[in-house]
Amino acid sequence: MRDRYEMFTRVILNISKNIQKIKNREMEKFGLKGKQVQCFFLLYRNPEGLEFKELCALSGTDKAAVSRTVKELCALSYVYTEKNPYKKYKNPVRLTQKGMMTGDKIDGIIEEAVNFVSGDISEKDRENLYSMLNLIDENLNKYCKGKGE
């Protein structure tokens, strides 16, 4: 049991660290931060825009972090929101033209990295992997809720 725990947590932590390294390195080329990748990715894939609540849900990030990221990207002219003071968090966030051009490049980098990393994995193995990871995630969520979190 301890070996399974040690192996699982070590692998997951290493994967997470390496993803962060890649995100930081690749975003640096655009003068951006790795933590901004997910926001860019989601907005690029949803050109009609996303509300803060949707960005939070899809990225798995809290509202404060999304708000900071959107503010940073607004200041750099990558995103914009329509200004309606009565609907602060319901205004959709959209990429600007500059953001779309950068998003296209980021999307290409993501595709290249995903293809490289998963190159030797069959489609069936990939489906099984994601299925098992989703099951583990669901079970961890149930465990946390059962422990009062």
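**The aromatic pair and its surroundings**

Analyst: K98 lies over the face of Y78, 4.5 Å from the ring centre; a charge is said to sit over a ring if NZ of Lys or CZ of Arg is within 6 Å of the ring centre and within 35 degrees of the ring normal. The model is a predicted one, in which local features need pLDDT of at least 70 and side-chain atom pairs count only at pLDDT 80 or more, while totals for chains, interfaces and linings use all residues. Residues are numbered from 1 along each chain as its sequence is written, and side-chain values use heavy atoms, with hydrogens and water left out.

A pair of aromatic rings is described by the distance of the centres and the angle of the planes. A search of the whole structure finds 1 aromatic pair. F40 and Y78 form this pair, which is edge-to-face, with 5.3 Å from centre to centre and 70° between the planes. Rings of Phe, Tyr and Trp (its six-membered ring) pair if their centres lie within 6.5 Å; planes under 30 degrees apart count as stacked, over 60 as edge-to-face and the rest as tilted. The pair links distant parts of the chain, since F40 belongs to helix α2 and Y78 to the loop between α4 and β1, 38 residues apart. Helices (H or I, at least four residues) and strands (E, at least two) are DSSP runs, numbered from the N terminus. Both F40 and Y78 are buried, where buried means under 20% relative accessible area, exposed over 50% and partly exposed in between (1.4 Å probe, protein chains only).

The loop that holds Y78 also contains S77, between α4 (63-75) and β1 (79-81). S77 has a phi near 65°, a positive value in a residue other than glycine. With a relative accessible area of 42%, S77 is partly exposed.

Leaving aside neighbours within four places in sequence, L43 is in contact (heavy atoms within 4.5 Å) with L50, L55, V79, V93 and L95.
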